[in-house]
Amino acid sequence: MEIFSVRSSQSLLFKNNPNNAKSSKTSDIQIETRAPAPASFQIEDDVGEGPDFTAVSPGELRNYARQGFDSGLIDQNTYAAISEPLPMHAIDPLGNIIDLSSVTDGTSFNFLDYYKNQLQIAMSIGDSEEVQTLKSIVSFLNA
C-alpha cells in the first residue's frame, strides 16, 4: 500500500486537469502594480528655515548638532559643547540663579536664549575660548 501526500496529490490533479494546465505555469503570473504608498513623513517646503531652538528638547538639539557636525556647519568643539548635558543650575546675565534640574531629554527648552545668556556672561568674564565656542553655538542656533 502506498501513501501519497495530500499536497502532492492535489497539485498533481491540478496540473493534470486540462482546464487548469495553462494556469499552473509560472510564466503566466502577472503582478499588479499599485500606486506608491503615501509617505509616512513629509519634508517641509521651507528648506532654508531651520528648527525652532526656542522650544526644542536636549535630545533633538544633539541630533541637530550631529547633523551640523557631519555636514561641516560646526566644528568638533562646538559639537562637544552642544552635546554636553545642561548643568543643574546656571546664572543669567543679571546674576539670578536658574534651576535647570527639570530639563530632561524629553522636555522642551529655550536653548537659544540660554546660550545667548551664557555668551554674555563669558564676554563679561573675559574667557576668550569660552566666548569663541559660545559664539559658534549661537550662530549655529540662529542659522
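Trainee: What covers the buried residues of α3?
Mentor: This is a predicted model, and in it the cover over the buried residues of α3 includes α2, α4 and α5.

Trainee: Which residues of α3 are buried?
Mentor: They are T78, Y79, A81 and I82. Viewed down the axis of α3, these residues fall within an arc of 165°, so they line one face of the helix.

Trainee: And which residues are exposed on the other side of α3?
Mentor: Q76 and N77 are exposed there.

Trainee: Why would residues a few places apart point the same way?
Mentor: An α-helix has 3.6 residues a turn, so residues three or four places apart point the same way.

Trainee: Let us step back. How many helices and strands does the chain have?
Mentor: The chain has 5 helices and 2 strands. Starting at the N terminus, their order is α-α-α-β-β-α-α.

Trainee: What share of the chain is buried?
Mentor: Of the 143 residues in the chain, 23% are buried. The chain exposes about 11200 Å², and 52% of that area comes from carbon and sulfur atoms.

Trainee: Now α4. What span should it have, and how far apart are its ends?
Mentor: Helix α4 covers residues 111-125, which is 15 residues, and at 1.5 Å a residue it should span 21 Å. Its end C-alpha atoms are 21 Å apart, which agrees.

Trainee: What is found at the start of α4?
Mentor: A side-chain oxygen of N110 comes to within 3.4 Å of the backbone nitrogen of L112.

Trainee: And what follows α4?
Mentor: G126 follows α4, and its phi is positive, near 100°.

Trainee: Which residues of α4 are buried, and what covers them?
Mentor: The buried residues are F111, L112, Y114, Y115, Q118, L119, I121 and A122. Their cover includes α2 (58-71), α3 (76-83), β1 (89-91) and α5 (128-142).

Trainee: Let me pick Q118 from α4. Why does Q118 count as buried?
Mentor: The relative accessible area of Q118 is 18%, and buried means under 20%, so Q118 is buried.

Trainee: Which residues does Q118 touch?
Mentor: Leaving aside residues up to four places away in sequence, Q118 touches A90, I91 and L134.

How values were computed: Residues are numbered from 1 along each chain as its sequence is written. This is a predicted model: local features need pLDDT of at least 70, side-chain atom pairs count only at pLDDT 80 or more; totals for chains, interfaces and linings use all residues. Side-chain values use heavy atoms; hydrogens and water are left out. Helices (H or I, at least four residues) and strands (E, at least two) are DSSP runs, numbered from the N terminus. Buried means under 20% relative accessible area, exposed over 50%, partly exposed in between (1.4 Å probe, protein chains only). Accessible areas come from the Shrake-Rupley method with a 1.4 Å probe; for residues, only the protein chains shown count as cover. The expected span of a helix is 1.5 Å times one less than its number of residues. Contact means heavy atoms within 4.5 Å. A polar contact is a pair of N or O atoms within 3.5 Å; within protein, one must be able to donate a hydrogen and the other to accept it, and residues adjacent in sequence count only if both atoms are side-chain atoms. The arc is that of the directions from the helix axis to the C-beta atoms.
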